[in-house]
Amino acid sequence: MNRHYFPLVFFILYCLSGLSQEKKAGPIIEKYGEVWTIENPDFKTDTSQEFKVVFDVMDSPSSHKEINKKLETAARFLNMHAQSGVPKSQLKVAIIVHNQASKDITQDEAYRARFGVPNPNLGLVKALLDADVEIIYCGQSSFSRDFPKEDLIPGVKIALSAMTASIQLQNEGYRLIKL
């Protein structure tokens with residue numbers, strides 16, 4: 001056999017052997033937040049802990065048709081921990097949105113009026129809100145970026161500022177993850 005075929009043969013055998021794995025979403029956010037299963041990790045997840053996290057999301061893709069993967073990180077966080085045995089009641093997630101990501105939490109009508117396309121993040125944001133994720137929008141960004149409350153997806157809360165929300169949540173025991 002020609003040695004150039006070995007990588008291809010190995011790949012095919014690997015896929016057929018069941019060793020390959022696919023990412024999967026759920027059980028908390030069904031259509032978003034696909035993650036890998038990690039079998040028998042050396043650093044075990046303590047499923048008895050409460051996980052309180054706040055994601056700071058300020059960036060957004062330049063394409064108005066692309067989902068904001070930084071927002072989707074919250075769905076991945078929820079799904080991977082639930083898949084690993086952490087009860088949903090022990091997962092407390094907040095997202096603080098500001099700066100360029102402001103556009104990603106707007107209702108479809110407002111998004112279409114500005115960018116000419118539907119908001120690709122609408123389904124994700126609604127799924128996060130339905131999963132009790134607290135989405136907090138920077139009031140300063142609301143004015144500086146001209147996204148008033150009535151343009152936001154219902155359920156998104158406005159704070160005085162992203163900084164204020166971050167401090168308050170950290171004072172409540174949330175751990176900040178800056179994306």
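Helices here are DSSP runs of at least four residues, numbered from the N terminus. The model is a predicted one. Across the whole structure, a search finds nine salt bridges. Opposite charges on side chains can pair when the charged atoms come close.

**Stop 1: helix H2.** Select residues 69–83, which make up helix H2. Now pick out Lys69 and Glu72. Their side chains form a salt bridge, 3.1 Å from N to O. The two residues are three apart in helix H2, so about one helical turn separates them. Glu72 is buried, at 9% relative accessible area. Lys69 is partly exposed, at 49%.

**Stop 2: a loop and helix H3.** Select Asp146 and Arg114. They form a salt bridge, with 3.7 Å between the closest N and O atoms. Asp146 sits in the loop between helix H5 (139–144) and strand E4 (157–159), while Arg114 belongs to helix H3 (residues 108–115), so the pair ties together parts 32 residues apart in sequence. Arg114 is partly exposed, with a relative accessible area of 39%.

**Stop 3: strands E3 and E4.** Select Lys157 and Glu134. Their salt bridge brings the closest N and O atoms to 2.8 Å apart. Lys157 is in strand E4 and Glu134 in strand E3 (residues 134–138), so this pair ties together parts 23 residues apart in sequence. Check the surface here. Lys157 is partly exposed at 43% relative accessibility. Glu134 is partly exposed too, at 25%.

Technical notes
Residues numbered from 1 in each chain as written. Predicted model: local features only at pLDDT ≥ 70, side-chain atom pairs only at ≥ 80, totals over all residues. Heavy atoms only, no water. Salt bridge = Lys/Arg side-chain N within 4 Å of Asp/Glu carboxyl O. Buried < 20%, exposed > 50% of the residue type's maximum accessible area, 1.4 Å probe, protein only.
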